[in-house]
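Subject: A structure for you to explore

Hi there,

Here is the structure I promised to pass on. Have a look around in the viewer, and then read on for what turned up.

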Amino acid sequence: MLSYIEAIKIRRSIRNYDKKPIDDRLLMNVDNLLKNPAKGPFGNKPRFVFVEKPAAREQERVRLGTYGFITHAAYFIGGCIEDFEFSEVDYGYSLERIIIELTRLGLGTCWVGGTFKRKDYEILLKTTETEKIPCITPVGFKAAKKSLRERMGLVLTDGSIRNDFNTLFFENDVNNPIQFNPADKYHQALECVRRAPSAVNKQPWRVIKKDNKYHFYIMRDKMVGKTKSSDLQKVDLGIALAHFKLALEEQSAEGKWHISNPEICDMEYVITWIGE
Ligand SMILES: Cc1cc2nc3c(=O)[nH]c(=O)nc-3n(C[C@H](O)[C@H](O)[C@H](O)COP(=O)(O)O)c2cc1C
């Protein structure tokens, strides 16, 4: 099986699925992952539901359309979380840990924040008034070919491109970029942040290291707006924190999350990791 760091590096958004069903043994693995989600760094746990499209269509009368962006997916994960200032961060963290486990099991996924019908998932999850559904993902085997839409270049982004390490991560202040050193455990964890998926591939995560502290920020992009239903760039940060933490766990590096804005720059502060 792939290591966590390997799985983080090979994961890609899969938008076209093979029609082959997921076998019972794998379905049980998925079920276990969804029953035991990780708490996010802000202390909240989402609730998830596994959806088999034909059964859900018949029993709950939901259509589960994705406006043509996702093709032939027969399974989806929907989820919700109590609404608070950082709910999307916890949601992104928790679902990305599941997505990386699914990658290790050989299953494809794609974060979907815009092109799905939230109403369908409200029905399936029986959400309360204080819960929100930030994103969903299809689950299944990758089809041999990309979707027609992808082949025609009609997806919004080229998902394979990432910004350079030294444009995202800094020491002491934003004028002092960190140069990647593969022997450094923390540089490996930051490299896993750099590989993370993000809405419209905007890569809004920035990190400033000061002593043994890693301060995480959002570099806001006007194109990826906040809506009433979700702040997708906070989901992006949650995903990045999951990659950072999984990479540290795998390299046996200890530490803890801490929330205290050091006031060292004017980007939007999210959280700090204190390394031991
Ligand atoms: C929070 C979030 C929301 C996303 N929403 C969509 C979406 O609505 N539709 C879509 O096709 N892709 C969506 N994506 C996938 C991104 O476009 C993709 O992750 C990015 O381009 C990087 O490509 P990769 O995942 O293959 O590495 C979303 C990704 C994230 C993290």
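Let's begin on the inside. Keep in mind that this is a predicted model. The largest nonpolar core has 68 residues, and those touching the most other members are Val193, Val207, Phe216, Leu241 and Phe244. Which helix gives the most to this core? That is α8, with eleven residues. The core also draws at least three residues from each of two domains, domain 1 (4-151) and domain 2 (165-275).

Next, find the sheet. Five strands make up an open sheet with mixed pairing, and their order is β6-β7-β8-β10-β9. At the edges you will see β6 (169-171) and β9 (255-258), each pairing on one side only. On average, neighbouring strands here are turned by 20° against each other, direction ignored. As a reminder from class, strands of a sheet pair through backbone hydrogen bonds, either parallel or antiparallel.

Helix α8 (residues 232-250) packs on this sheet and touches β7 (205-210), β8, β9 and β10. The direction of α8 makes about 155° with that of β8.

Now zoom in on one pair of strands. Are β8 (residues 213-218) and β10 (residues 268-275) parallel or antiparallel? They pair in the antiparallel sense, over six bridges. Within this pairing, Phe216 stands opposite Ile271 in β10.

Leaving out residues up to four places away in sequence, Phe216 touches Trp205, Val207, Leu237, Leu241, Val270 and Ile271.

Enjoy exploring!

Best wishes

Conventions. Residues are numbered from 1 along each chain as its sequence is written. This is a predicted model: local features need pLDDT of at least 70, side-chain atom pairs count only at pLDDT 80 or more; totals for chains, interfaces and linings use all residues. Two strands pair if DSSP finds at least two bridges between them. Helices (H or I, at least four residues) and strands (E, at least two) are DSSP runs, numbered from the N terminus. Axes are lines fitted to C-alpha atoms, for helices over the stretch in contact, and angles run from 0 to 180 degrees between N-to-C directions. Two residues are in contact if their C-beta atoms, placed from the backbone, lie within 7 Å. A nonpolar core is a set of buried Ala, Val, Leu, Ile, Met, Phe, Trp, Tyr and Cys residues joined through C-beta atoms within 7 Å. A residue is buried if 20 or more other C-beta atoms lie within 10 Å of its own, exposed if 12 or fewer, and partly exposed in between; C-beta atoms are placed from the backbone. Domain bounds come from an automatic or database domain assignment.
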